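Biologist: I would like to learn how to read a structure like this one. Could we walk through it together, feature by feature?

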Amino acid sequence: MKIPGFPGKRQRTAPSPDRKSTFLLPALRHWYPWVRQLLDWAVTSGSVLLCLLMLPTRLPGMELLGIGPNWVLIWVVAWSVKRSLFVGAFAGIVIGLLQDGMTSPNPTHAISLGIVGMLTGLIQKQRFIQEDFISIALIVFGMAVLADTIFAVQLSFTGDRKVEDIWTYYQRVALASAILSSLWAPVVYYPLNRWWQQTKLIRNS
């Protein structure tokens, strides 16, 4: 049975999510397209730079057994989760090479981050995984363990260290990094995903 509305008042319908999202950046819609594109590139590249600079940073609550969150891996997951596997793999390789420039190119981070971007892009998230912070945290947790495992395999092939010592150390590193990265993943994922969604809606409107 349908309950009639009160007289003198209109029935209000909730706006669609797409419609609400376009209202969050009203001024941006009136900018020139090339200005919006430059701003989008600036936000994306700036977030990559910030994640790279955050890697050696140890703030209170961001350290476990001397290990901090893998910020660049979180960024790769946030970028790749709604893009194709080729785009995700390319972004992972590029950011891995940038991380190599800050640390050491041997062994390289490009392989592990490239595989992370590819596998994240393969996940049909909109079909199999509900979009929320828990699912993103679970993806980051699994990818962090995978990335550290790939890095340990590369160290094992270099031959300058004992394999037993490498795997004993990286068992602790992988677990600590996966826990912290999954806990801090929403801090990176939410604002970036919100920005990319809204810029896409503005481009398509």
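Predicted model: local features only at pLDDT ≥ 70, side-chain atom pairs only at ≥ 80, totals over all residues.

Biologist: Where is the place of Ser181, and is Ser181 buried or exposed?

Modeller: Ser181 sits in helix H8. Residues under 20% relative accessible area count as buried, and Ser181 is buried because its relative accessibility is 0%.

Biologist: Let us step back to the whole chain. What does its secondary structure come to?

Modeller: The chain has 8 helices and 0 strands. Read from the N terminus on, the elements run α-α-α-α-α-α-α-α.

Biologist: How many of the 205 residues count as buried, as a percentage?

Modeller: The buried share is 41% of the 205 residues. Another way to read the fold is through contacts: among those with a separation of 6 or more, 68% join residues 24 or more positions apart.

Biologist: Now the aromatic rings. How many aromatic pairs does a search of the whole structure find?

Modeller: The search finds 5 aromatic pairs. To read one, look at the distance between ring centres and the angle between planes. Trp79 and Trp196 are 5.2 Å apart centre to centre, with 85 degrees between their planes. Planes over 60 degrees apart count as edge-to-face, so Trp79 and Trp196 form an edge-to-face pair.

Biologist: Which helices hold Trp79 and Trp196?

Modeller: Trp79 belongs to helix H3 (residues 71-80) and Trp196 to helix H8 (residues 163-204). The pair links distant parts of the chain, its members being 117 residues apart. Both Trp79 and Trp196 are buried.

Biologist: What about Phe151 and Tyr170: what kind of aromatic pair do they form?

Modeller: Phe151 and Tyr170 make a tilted pair, with 6.0 Å between centres and 50 degrees between planes. This pair also links distant parts of the chain, from Phe151 in helix H7 (residues 133-158) to Tyr170 in helix H8, 19 residues apart.

Biologist: Why does Phe151 count as buried, and why does Tyr170?

Modeller: Phe151 is buried because its relative accessible area is 13%. Tyr170 counts as buried because its relative accessibility is 13%.

Biologist: Back to the tryptophans. Which residues do ring pairs link into a cluster with Trp79?

Modeller: The cluster consists of Trp75, Trp79 and Trp196, linked by ring pairs. There is also a charge to look for: Arg83 lies over the face of Trp79, 3.6 Å from the ring centre. Arg83 lies over the face of Trp196 too, at 4.8 Å from that ring centre.

Biologist: What is the C-alpha to C-alpha distance between Tyr189 and Trp75?

Modeller: Tyr189 and Trp75 are 7.2 Å apart in space, C-alpha to C-alpha, and 114 residues apart in sequence. Tyr189 lies in helix H8 and is buried because its relative accessible area is 3%.

Biologist: How should I describe two packed helices?

Modeller: The general idea is to give the angle between the two axes and the distance between them. Here, the axes of helix H5 (residues 110-122) and H7 come within 9 Å and cross at roughly 145 degrees. The crossing of H5 and H7 is right-handed.

Biologist: Which residues make the contact between H5 and H7?

Modeller: On H5, they are Ile111, Ser112, Ile115, Val116, Leu119 and Thr120. On H7, the contact uses Ile139, Met143, Leu146, Ala147, Ile150 and Gln154. The residues of this H5 and H7 contact divide into 9 nonpolar, 3 polar and no charged.

Definitions and conventions: Residues numbered from 1 in each chain as written. Heavy atoms only, no water. Phe/Tyr/Trp six-rings, centres within 6.5 Å; stacked < 30°, edge-to-face > 60°. Helix = DSSP H or I, 4+ residues; strand = E, 2+ residues; numbered from the N terminus. Buried < 20%, exposed > 50% of the residue type's maximum accessible area, 1.4 Å probe, protein only. Lys NZ or Arg CZ within 6 Å of the ring centre and 35° of its normal. Axes fitted to C-alpha atoms, helices over the stretch in contact; angles between N-to-C directions. Left-handed = near helix turned anticlockwise from the far one by under 90°. Contact = heavy atoms within 4.5 Å. Nonpolar A, V, L, I, M, F, W, Y, C, P; charged D, E, K, R; others polar.
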